[in-house]
Amino acid sequence: MTSERFSECLLHIRWTPINIASALQCELSWIEALEAGNEEIPTGFATWLETLAQAHEALPPPPTYRGRRA
């Protein structure tokens with residue numbers, strides 16, 4: 001996985017680097033290094049992230065609820 005695809009996956013999942021670091025309970029600096037291309041993205045991690053991103057791409061939020069208010 002390239003650093004560019006890593007960033008795209010985060011966008012599809014709607015996660016910031018802080019969110020994914022929290023989910024993985026890892027250092028934010030490692031996530032930032034992955035995003036910048038300064039660290040290689042481990043294969044298992046890339047597979048997991050790609051699977052999540054593909055699910056979010058295939059199942060976007062329904063537009064029916066946009067602008068709803070209580």
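Where does Arg14 lie? Arg14 sits in the loop between α1 and α2. Helices here are DSSP runs of H or I with at least four residues, numbered from the N terminus.

This is a predicted model, in which local features need pLDDT of at least 70, side-chain atom pairs count only at pLDDT 80 or more, and totals for chains, interfaces and linings use all residues. Residues are numbered from 1 along each chain as its sequence is written, and side-chain values use heavy atoms, with hydrogens and water left out.

**Two helix pairs**

Two packed pairs are set out below. Axes are lines fitted to C-alpha atoms over the stretch in contact, and angles run from 0 to 180 degrees between N-to-C directions.

| Helix pair | Angle | Axis separation |
|---|---|---|
| α1 (residues 3-13) and α4 (residues 43-58) | about 45 degrees | 8 Å |
| α2 (residues 17-24) and α3 (residues 28-36) | about 125 degrees | 9 Å |

Take α1 and α4, which pack at about 45 degrees. That angle makes α1 oblique to α4. Angles under 35 degrees count as roughly parallel, over 145 as roughly antiparallel, 65 to 115 as roughly perpendicular, and the rest as oblique. The α1 and α4 crossing is left-handed. Left-handed means that the near helix is turned anticlockwise from the far one by less than a right angle; clockwise is right-handed.

Contact means heavy atoms within 4.5 Å. On the α1 side, Arg5, Phe6, Cys9, Leu10, His12 and Ile13 take part. They meet Phe45, Leu49, Glu50, Leu52, Ala53, His56 and Glu57 of α4. By class, this contact has eight nonpolar, two polar and three charged residues. Ala, Val, Leu, Ile, Met, Phe, Trp, Tyr, Cys and Pro count as nonpolar, Asp, Glu, Lys and Arg as charged, and the others, Gly among them, as polar.

Now α2 and α3, at about 125 degrees. These helices are therefore oblique to each other. Their crossing is right-handed. Helix α2 brings Pro17, Ile18, Ile20, Ala21 and Leu24 to the contact, and α3 brings Leu28, Ile31 and Glu35. Seven of these residues are nonpolar, none is polar and one is charged.

**The core**

A nonpolar core is a set of buried Ala, Val, Leu, Ile, Met, Phe, Trp, Tyr and Cys residues joined through side-chain atoms within 4.5 Å. Buried means under 20% relative accessible area, exposed over 50%, and partly exposed in between, with a 1.4 Å probe and protein chains only. The largest such core has 13 residues. Phe6, Ile20, Ile31, Leu34, Ile41, Phe45 and Leu49 touch the most other members. Helices α1, α2, α3 and α4 each give two or more residues to this core.

What does Ile20 contact beyond its neighbours within four places in sequence? The partners are Leu10, Trp15, Ile31, Phe45, Trp48 and Leu49.

**Individual residues**

Ser3 is in helix α1. At 16% relative accessibility, Ser3 is buried. Not counting residues up to four places away in sequence, Ser3 touches Leu34, Glu35, Ala36, Gly37 and Ile41.

Gly44 belongs to helix α4. Gly44 is exposed, at 54% relative accessible area.

Two loop residues have positive phi without being glycine. For Arg14, phi is about 70 degrees, and this residue is exposed at 52%. Gln25 lies in the loop between α2 and α3. Phi of Gln25 is near 55 degrees, and Gln25 is exposed at 74%.
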